[in-house]
Amino acid sequence: NWKNSLHTDLGEDFDVLIPQMPNNQKARYREWKIWFERIVPLLNDEVILLGHSLGGIFLAKYLAAHKFPKKIIALFLLAAPFVTPGKHPIADFVLTGNLKGVEKQVLKIFIYHSMDDEIVPYFCARGYKRAFPEATLRTFRKYAHLNEPKFPELLKDLRLLRK
């Protein structure tokens, strides 16, 4: 899908790091947090964070609770769950408390979601929009769980951040 070609599609203006998070079939926040914090020192001082699906709810939860040591130009939440059942079989990422810590650290927030997503329902996008009223919400009709081969809308928004 689009993640595999992101570094070539964006060109030399971007350094792209796509970590493979551990245990994605039984994802645990604590494990992802350890892994993510090992990656943070590798990031530039002005960073764009992009989380697809569980990666999105992870970033929202992490940034709500932790001070990020680098300047975050933008946060992209793509097809990200806003709520997960307490006994979710795949992940234990549950947002607790408010998300004000996210807005304090991020200059721009983008929410991308497709109305036909059968994995993460569209109401999750509305939940993030309520939490982040200043965020840009991009709604799609036929992109399902945003696993398209190409994602020109995302590339356009990323490139505009560099201008």
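1. The largest cavity is lined by W2, S5, L6, D9, F151, L154 and L155. Please keep in mind while looking at these residues that the model is predicted.

2. Which helices each supply at least two residues of that lining? They are helix 1 and helix 6, the latter spanning 152–161.

3. As for volume, the largest cavity holds about 30 Å³ of space. With a cut-off of 30 Å³ or more, the count comes to 1 cavity.

4. Now to the open side of things: the largest pocket contains about 1500 Å³ of space. Its lining has 49 residues, and the ones closest to the pocket centre are P19, L50, G51, H52 and G55.

5. Where does the lining of the largest pocket come from? At least two residues each are supplied by helix 1 (6–10), helix 2 (29–39), strand 1 (46–52), helix 3 (54–65) and helix 5 (123–131). Strand 1 contributes the most, giving 7 residues. Helix 1 deserves a look in both places, as it supplies at least two residues to the lining of the largest cavity and at least two to that of the largest pocket.

Definitions and conventions
Residues are numbered from 1 along each chain as its sequence is written. This is a predicted model: local features need pLDDT of at least 70, side-chain atom pairs count only at pLDDT 80 or more; totals for chains, interfaces and linings use all residues. Side-chain values use heavy atoms; hydrogens and water are left out. On a 1 Å grid over the protein atoms alone, a cavity is a set of points where a 1.4 Å probe fits but cannot get out, and a pocket is an open set with protein on both sides within 12 Å along at least five of seven lines; lining residues have an atom within 4 Å of a point. Grid points are joined across faces, edges and corners, and a volume is the space filled by probe spheres set on the points. Helices (H or I, at least four residues) and strands (E, at least two) are DSSP runs, numbered from the N terminus.
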